[in-house]
Amino acid sequence: MSVMNLRVNGQRHSVDVDPATPLLYVLSDDLALRGPKFGCGLGQCGSCTVIVKGQAIRSCITPVAEVAGSEITTLEGLGTIEKPHPIQKAFIDEQAMQCGFCINGVIMTAKAFLDRNPKATDAEIRQAMSGVLCRCHGHGRMIRAIKRYGQEVKA
Amino acid sequence: MKPVEVSKELTPDAFVVLEKTGISRRQFIARSGALIVGFSMAGLTTDLMSPGSAEAQRLDGAGSSRLDSWIAIGADGNVTAYTGKCELGQGLYTAQKQLIAEELSVPFDRVKLIQCDTALTPDQGTTSGAQSHPTNFNNKNLALACATAREALLQRASAQLGVPVDRLAVKDGMIHAKADSSKSVSYAELIGGRTFGIPLNPAAKRKHPNEWTVLGKPVPREEIPAIVAGQFEFVHNVRVPSMLHGQVVRPPAVGATLVGVDDSSVRDIPGIVKVVVKKNFVGVVAEKPWQALQAANKLKVTWTLGTGLPAQRDFYEYLRNQKPTRDTFLLNSKDVDEKLSSAARIVKATYHYPYQMHGSVGSSCAVGDVKDGKATIWSATQAVYPLKNSIATVLGLTPENVRVIFRLGSGCYGINGADTVSYDAALLSQAVGKPVRVQLTRKDEMAWENYGFAFVIDQRAGLDDGGTITTWDHESWAPALGGRPGPSDPGNVITGFLAGFQPAAFTPRTPAPDPTDFSNGSNAAPSYVTGCVGGRCEGTGAVTSQRVLTHNVKSLFWTGPLRSPARLQNTFAHESFMDELASVAKADPVDYRLRHLRDPRLIEVVKSVAKAANWQTRPSPRSGMRRTGIAAGRGVSCVLYEGDNGYCAMVAEVEVNQDTGQITATRLVIASDCGPISNPDGLRNQLEGGALHGLSRTLLEEVKWDDQKVVSIDWSTYPPLYLGAAVPKIETILINRSDGSTMGAGETAITVTAAAIANAVFDATGARIRQVPFSRERVKAALDGRT
């Protein structure tokens, strides 16, 4: 065990954990965050995605020691129920989900990608989302919501 | 009835819900008799609904005949309602709130709904079928309660205002005289904070759909803002004080049993609390989830060899020849052999469908808190009430001492791992006397879940000179083991079995007895037969000579309901075969269907979808096709789901790369008739998701195994349809029938997808694909086999 200093959604936290612990476990258990989720633990589905240095990373396979000191943004760091971030609002407007379990990975992956690639084509957006899984198969609405946000980023 | 004291066991979120209804924790206990009417088994003994646990386990549950078990109106006029039908991601929470607001004539945002908690809500059995079963909409129970309450309030208002009921109107929780709106009284004044003390009135009149102002509208889902903000409490987010974390260690092979566990192998792992063994159930409990996972991986466990599995490549032959069987005649007009012998032409085909998995994106999770002879379980089960009873069996407690609280999990599509992981959490918590959270690993979820049924289906039909069907003969083989667990068979899911309980017994039966009653709940009968049994004909088609024989056999793996269980497999075979018959008859596939259908609503969805898809009338395959490169085609498919629960027809347009075997669906047009529509946007969402789920299952999904074990254990070994995949444009046509009864729609689109795709591939290429999934290799082989 060792003490790790983390910066999550603008707040500092100190946690005493095994440095090999995947970041996801620290976020959801030690910090009780609800955004990032355990889907597969293998980096195959995207449910655990968080943004570090503008990049979407899979927190279930990232040891916490690797991101100590970096600013980590989770889904709850984007906006609130009362004041959702534009990408969160796009998903509300499109009613783009069913169970909603995958939505963390969908939103965080799409946001990181579009913020860096505001002029992305439809094909590039699809490519960016090609490792994210939604088993309710809300593909159509989700891609629409992502493009809606893309229009805002471009503007 | 005794009020239920619940405050100590509620999660912080539950408090928020209750506090939003205007009740503080302290008040909650003091006033629970008035505002929160608890529910006990005693309340089940009623004149309306049959009592007893068996009844309570039915899909529609026993409910409660007491109005106060469903509806409470506070002193401020706010409504709190209680339901035993849960939100599973299908939009049911919002749809039920619409129903309450509509039937009670109160504003939508003044309704609070408490769902699926065995201590609080009426027993409504299982929530299954994703908007696909009328009972999920509380067509009787909750809706009847609302109608009863409204009528009772009108009568009270009539007495108080001195105005006859028929001269009163209700709006926004306020009753006033039609002629003089100054004569008015509010619900709060009439009943606020007090109980009704009356039973449900079976004669209470629901509003006609033509009068709806809240139901029938595309009200946005209530949970979505919290979900997108990362604030929503899924079962995975439930945290209770002193909670520990568990992991299980499943056997390495099917049929392997435990020889021994070496506790010392994990002694050096920090935070380890206990290694738990109960018969063949093995698990570990630790302070942190990462510690528990490491301990589970490191724990030295010795198992026997598995019992061995038949080679997968020979599986369908194995299935067809397996003994013993349980045989059932759904239909038998006893003239099929004679009609076949006199037919101008006999057509035969065999269809194969693999085991598939629910494959929820989040592996299953539950929290158990078992101590002092009592258990509280937070679970994403579809069946809180049945789970309460079966957990009691597993833990050796009485059901009265078990409480199951529903929390939304990852989309389930049927019995995923939600029930089995609830047992895992309960057993581990019982062993350590503290709350334990368990979330399964991806492998533990996938290797041992209750898979959707594999099928072998033989179809035979006789045609007359004009190509009209004179007889239809259907015979199927499907394996089953386990399913939804009940108090006498917790072994219906893997954890119950490992802990020493058996699955429901398999009872062989050969030969099949004559049918006595027709019910097409599994869609084993095609849409084109009359479905005549004992002089009653309840099928949707015109063919009078009909035989439907099914053989159930014991499964290699646990099985259970997976979105459109058996209905999808049967419909794939029926609707593919109907297309083969149309082709033999050189008829257009839509015209040929219409020629053999009788049910006007099924006819209408077929016609509607053909019109919307701009269907060109001609036989399949298309003429003038080339044998290489990209070929395009269209296919149609239809169903009356479960024989009485939702009409759906689909036209699929596909492109087939004839050099690689790759199928790309480019457009899906879906027509749906499910009676009066509660929420059209929710319905579209279900149809769209169902169609793509169907596409994924048709093109990609198949459980694979070796000689000992399942080898589909993650998303690389069970490849799904990822979000980036090129998906078809989906168009939905909703036929809103305000005079019809409520039907389902969550499982209709998925039911017709596989056949619509297969028929489109045939139209494009002339190659018939009769085995799911339509992998590139399989399609290429069929293309190469064209004569």
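Q: How do H4(B) and H5(B) lie relative to each other, roughly parallel or roughly perpendicular?
A: H4(B) and H5(B) are roughly parallel to each other (under 35 degrees; over 145 is roughly antiparallel, 65 to 115 roughly perpendicular, the rest oblique). This is a predicted model, in which local features need pLDDT of at least 70 and side-chain atom pairs count only at pLDDT 80 or more, while totals for chains, interfaces and linings use all residues. Residues are numbered from 1 along each chain as its sequence is written, and chains are lettered from A and ligands numbered from 1 in the order written.

Q: What is the angle between those two, and where are they in the chain?
A: Helix H4 covers residues 92–104 of chain B and helix H5 covers residues 141–161 of chain B; they pack at about 25 degrees, with axes 8 Å apart (lines fitted to C-alpha atoms over the stretch in contact, with angles from 0 to 180 degrees between N-to-C directions). Helices are DSSP runs of H or I with at least four residues, and strands are E runs of at least two, numbered from the N terminus.

Q: Which residues meet there?
A: From H4(B), B:Gln96, B:Leu99, B:Ile100, B:Glu103 and B:Leu104 meet B:Leu142, B:Ala143, B:Cys146, B:Ala147, B:Ala149 and B:Arg150 of H5(B). Sorted by class, this contact has eight nonpolar, one polar and two charged residues (Ala, Val, Leu, Ile, Met, Phe, Trp, Tyr, Cys and Pro are nonpolar, Asp, Glu, Lys and Arg charged, the others, Gly among them, polar).

Q: New topic: how many helices and strands does chain B have?
A: Chain B has 20 helices and 26 strands. Its C-alpha trace spans about 80 × 80 × 50 Å along the principal axes.

Q: And which domains is chain B divided into?
A: Chain B is divided into domain 1 (7–228), domain 2 (241–305 + 358–448) and domain 3 (317–355 + 453–784), with bounds from an automatic or database domain assignment.

Q: How many residues of domain 2 are in contact with domain 3 in chain B?
A: In chain B, 29 residues of domain 2 are in contact with 29 residues of domain 3 (C-beta atoms, placed from the backbone, within 7 Å). On the domain 2 side, H11(B) gives the most, with six residues. That side has 15 nonpolar, eight polar and six charged residues. The centres of the two domains, taken over C-alpha atoms, are separated by 36 Å.

Q: What about chain A: how many residues of chain B touch it?
A: Chain B places 52 residues in contact with 55 residues of chain A. Helix H7 (224–228), helix H8 (289–298) and helix H18 (680–699) of chain B each supply at least two residues of this side.

Q: Which of them gives the most?
A: H18(B) gives the most to the side of chain B that touches chain A, with seven residues. The residues of that side divide into 23 nonpolar, 20 polar and nine charged.

Technical notes
Contact = placed C-beta atoms within 7 Å.
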